[in-house]
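Okay, thanks for making time, everyone.

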Amino acid sequence: KSANPQWREQFDFHYFSDRKDMLDIEVWRKDNKKHEELLGTCQVDVTALPMKQTNCLELPLGKNPGSLLMLIAVAPCTGVSISDLCVCPLGDPSERQQISQRYCLKNSFQDLKDIGFLQVKVLKAVDLLAADFAGKSDPFCVLELGNDSLQTHTVYKNLNPEWNKVFTFPIKDIHDVLEVTVFDEDGDKPPDFLGKVAIPLLSV
């Protein structure tokens, strides 16, 4: 019940410089669990922002009244990676040894922000729901940890897709939950939900 809400939330989007991505933002209001109304939309051209500095932007919400105040920083990302299974970052024994030393008990308080990292191998999905009229799906997989999000490529016309990708996330809160969601790519329309699993970090 506010016309001037303050969220103060940080989101990390992993942006690859070879793509010309627009950041799409939507502001919604909820009356109750069933009724939602779009209050406005805005876009940010990420490629036009200067690097390695925090940009303060006040963005009008399209043709609707109101504006959105945001701080956006484009910076080289650390600790996040996507790689093929054959070049898994933890596959090298010497690298594993360095990591074990970095996180051993005596080094616990060297860097309080460096809690650790999570490495996830996304291999495949089996017997997915058919979302297309032809009895197939175009599945891709989204991994979310806190406000971090990474995704696989899409495997077209396949109910048993194999992605074979390795994702590495820095851990910011040991109480976070890894959410793995499978979607069906649907052209210009929003993707269709095919299934989800949630794994608390404390259970690993």
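I'll go through the ground rules, a record annotation, a sheet and then some aromatics.

So, this is a predicted model, where local features need pLDDT of at least 70, side-chain atom pairs count only at pLDDT 80 or more, and totals for chains, interfaces and linings use all residues. Residues are numbered from 1 along each chain as its sequence is written, and side-chain values use heavy atoms, with hydrogens and water left out.

The unreviewed UniProt entry has an annotation, "domain: C2", on residues 1-59 and 93-204; such annotations may be inferred rather than shown by experiment. Residues 93-204 are 9% helix and 40% strand, with helices (H or I, at least four residues) and strands (E, at least two) taken as DSSP runs.

Between β6 and β10 (residues 162-170) we get 4 bridges, and serine 81 has threonine 168 as its bridge partner in β10.

Last, the aromatics: 2 pairs in the structure, where rings of Phe, Tyr and Trp (its six-membered ring) pair if their centres lie within 6.5 Å; planes under 30 degrees apart are stacked, over 60 edge-to-face, the rest tilted. Phenylalanine 183 and phenylalanine 193 have centres 6.4 Å apart and planes at 75 degrees, so that pair is edge-to-face. Phenylalanine 183 is in β11 and phenylalanine 193 in β12, so the pair ties together parts 10 residues apart in sequence.

Note on methods
Two strands pair if DSSP finds at least two bridges between them.
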